[in-house]
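Open the model in your viewer and keep the sequence panel beside it. The tour goes from one selection to the next and says what is found at each stop.

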Amino acid sequence: MRMGENIKIVAKNRKARHDFTIEDTYEVGLVLSGTEVKSIRAGKVSLKESFADIHNGEVFVYQMHIDPYEQGNIYNKDPLRIRKLLLHKQQIRKLIGLKQREGYTLVPLSLYFKDGRVKMELALAKGKKLYDKRHAIAERDSDRRIQKSMRHNG
């Protein structure tokens, strides 16, 4: 990140880093309506079940829930509608090539405001197996025990 950038994180997908091994990340823009932006500013967004996919050379995010804006009345959109992501053409070509490999998926990691614009951190990820998750949990617990003993003894 450059100096002087104004970043405010609105939502994170905490489960993504547990369920997937992150290979690469991209900063992408979103096509949103005005009431959706106001609702995101209020923090009423969830990335829990969301995922991205490529269709006809364009990238879309599915299952991202943005609550309807309270004062938006007729201008509100469907909370779970499919939203287009904005990437450069060469990035999309690269993702198409990488996604054709077995087991890769596109997962949103976080949603944030950067200099007044809504951005999403999109990850190219590979699903973890159950034993990988258990190994990661065991490793994290052992690291905690080591840190605790170092604090206690040192």
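This is a predicted model: local features need pLDDT of at least 70, side-chain atom pairs count only at pLDDT 80 or more; totals for chains, interfaces and linings use all residues.

In sorting residues by class, Ala, Val, Leu, Ile, Met, Phe, Trp, Tyr, Cys and Pro count as nonpolar, Asp, Glu, Lys and Arg count as charged, and the others, Gly among them, count as polar.

**The whole chain**

Start with a cartoon view of everything. The protein has four helices and nine strands, and from the N terminus on they follow the order β-α-β-α-β-β-β-β-β-α-β-β-α. The C-alpha trace spans about 60 × 35 × 35 Å along its principal axes. Of the 154 residues, 32% count as buried. Among contacts with a separation of 6 or more, 69% are between residues 24 or more positions apart.

**The largest pocket**

Select Asn13, Lys15, Ala16, Asp19, Phe20, Lys48, Glu49, Ser50, Phe51 and Val107, which line the largest pocket. Its volume is about 170 Å³. Which helix gives the most to this lining? Helix H1, residues 14-19, does, with three residues. By class, the lining has four nonpolar, two polar and four charged residues.

**The aromatic pair**

The structure holds one aromatic pair. Phe51 and Tyr62 form this pair, and it is stacked, with 5.2 Å from centre to centre and 15 degrees between the planes. Phe51 belongs to strand S4 and Tyr62 to strand S5, so the pair ties together parts that are 11 residues apart in sequence. Is Phe51 buried, partly exposed or exposed? Phe51 counts as partly exposed because its relative accessibility is 36%, and that class lies between the cut-offs of 20% and 50%.

**Two loop residues**

Most residues other than glycine have a negative phi. Now select Asn56, in the loop between S4 and S5. Its phi is near 55 degrees, a positive value in a residue other than glycine. Asn56 is exposed, with a relative accessible area of 70%.

Then move to Asp115, in the loop between S8 and S9. Its phi is near 50 degrees, again a positive value in a residue other than glycine. Asp115 is partly exposed, at a relative accessible area of 44%.

**Helix H3**

Select residues 89-99, which make up helix H3, and show the side chains of Ile92, Leu95 and Leu98, which are buried. Why do these residues line one face of the helix? Seen down the axis of H3, the buried residues fall within an arc of 125 degrees, so they line one face. Turn to the face pointing away from that buried side and find the exposed residues Lys89, Gln90 and Arg93.

To see what the buried residues of H3 pack against, show strand S2 (20-30), strand S4 (51-55), strand S5 (58-62), strand S8 (104-114) and strand S9 (117-127).

**The cavity**

How many cavities of 30 Å³ or more does a search of the whole structure find? It finds one. The largest cavity has a volume of about 40 Å³. Select its lining: Thr35, Glu36, Ile66, Asp67, Pro68, Tyr69, Asn76, Lys77, Asp78, Pro79 and Arg83. These residues divide into four nonpolar, two polar and five charged. The tour ends here.

Notes. Residues are numbered from 1 along each chain as its sequence is written. Side-chain values use heavy atoms; hydrogens and water are left out. Buried means under 20% relative accessible area, exposed over 50%, partly exposed in between (1.4 Å probe, protein chains only). The arc is that of the directions from the helix axis to the C-beta atoms. Contact means heavy atoms within 4.5 Å. Rings of Phe, Tyr and Trp (its six-membered ring) pair if their centres lie within 6.5 Å; planes under 30 degrees apart count as stacked, over 60 as edge-to-face and the rest as tilted. On a 1 Å grid over the protein atoms alone, a cavity is a set of points where a 1.4 Å probe fits but cannot get out, and a pocket is an open set with protein on both sides within 12 Å along at least five of seven lines; lining residues have an atom within 4 Å of a point. Grid points are joined across faces, edges and corners, and a volume is the space filled by probe spheres set on the points.
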